[in-house]
Amino acid sequence: MSQQFVGINGEQTGLGFTNRDQGAKVEEDQGLIDFKIITNNGNHERMKMLIDLKNIFARQLPKMPKEYIVRLVFDRNHESMCIVKDDTKVIGGICYRKYPTQRFAEIAFLAITANLQVKGYGTRLMNKFKEHIQKQDVEYLLTYADNYAIGYFRKQGFYQEIKMNPDRWKGFIKDYDGGTLMECYVHPSIDYGNISDLIREQKQLMIDIIKKLTLNDRVYPGIEQQNYKVESSNVDRPAVKPESVQGIMESGWTIEDYNELKKQKEKTFMISCQQIIDTMRKHKSAWPFLEPVNKDDVPDYYDVITDPIDIKTIEKKLQNNQYTSKDLFIKDVKRIFTNCRNYNQPDTIYYKCANELERTIDDYLKKLKDEAQIPGVSKKIKKTNNK
């Protein structure tokens, strides 16, 4: 899961929670959708709405027996909250039963029309339902969720850990095979109808507090000379000391922290390079490249190859901290193969060994290249006169 918001009511959701609820809330405020509580009271209009809602449940909950859906939706002990679009069209809803003496309600069915599920209606429906049920002095919501619905209910503040006293609900609700019992506490102080605004206000409050505690919004002037040329050099001897730049010390930066980070990254770099060397050395095609070419065995080799390299030499350079960047290390490794192909003919065993070893080691080199640059190499700032 991405970054989470965990609300006072236990809501576990990504940062899109407020956007989903707010989008549907805007439609509600504009009168495009409405939320209605309906029961089987014999009213013709209400009966038609219950039939439409029953059909949505049947389509969206195909594993649920249709006869069972009909029985509960039209049962006078059950109520339903419908989402009505354009005053006439039912696009989703919740069928539930209240147990007033026990102060909880059981959600039997919940569904939104398939092609409208990405508009945030499900989130808004649950918040409006909580707002309604809160006024009925209901303290807990219970539901049996199948594997496909568990994620949705978690985002709405439902947990699989049941905290309500079992004496309050056991014997009142039916146990469903294959379903997971989930519970949500309806907090008496939360304005569920405006929860997206509440979260947005909390977020802004936190941002304001953070701004007071940090200097992130403060802009400092740059160093005096603005014309500099960047050259590769040793980071331990910078032309400008970091602590002399305004804002650096105020941010909490210390040279000790930097040096510790540098050591950790250098150690990681050394380990990664050594692993590549060990992988090459163990490969069956590495034998021609383990040590420098013997001039007595190949007299003209160094006349043709003016920049020789081998695995042993690379390891020695690594141990002597001569690789100040990963690019230098990668370049040396690849030079083993290019040197071999430049000196040998394609039909030789040496040429074939170079190709085979290169294919094996290529993925390791790509992974090393994707890793963060070690801080052992840097850019030196040098004053220059630009006209």
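With which residue do the side chains of R103 meet in a salt bridge at 3.6 Å, N to O?

A: The model is predicted, so local features need pLDDT of at least 70, side-chain atom pairs count only at pLDDT 80 or more, and totals for chains, interfaces and linings use all residues. Residues are numbered from 1 along each chain as its sequence is written, and side-chain values use heavy atoms, with hydrogens and water left out.

The partner is E139, whose side chain meets that of R103 in a salt bridge (3.6 Å, N to O), the term meaning a side-chain nitrogen of Lys or Arg within 4 Å of a carboxyl oxygen of Asp or Glu. This pair links distant parts of the chain, since R103 lies in the loop between β5 and β6 and E139 in the loop between α4 and β7, 36 residues apart; helices (H or I, at least four residues) and strands (E, at least two) are DSSP runs, numbered from the N terminus.

R103 also forms a salt bridge with D137, where the closest N and O atoms are 3.3 Å apart. That pair, too, links distant parts of the chain: D137 is in the loop between α4 (121-134) and β7 (140-145), 34 residues from R103 in the loop between β5 (89-99) and β6 (104-112).

As for accessibility, buried means under 20% relative accessible area, exposed over 50%, and partly exposed in between (1.4 Å probe, protein chains only). R103 is partly exposed at 33% and D137 is partly exposed at 46%, whereas E139, at 18%, counts as buried.
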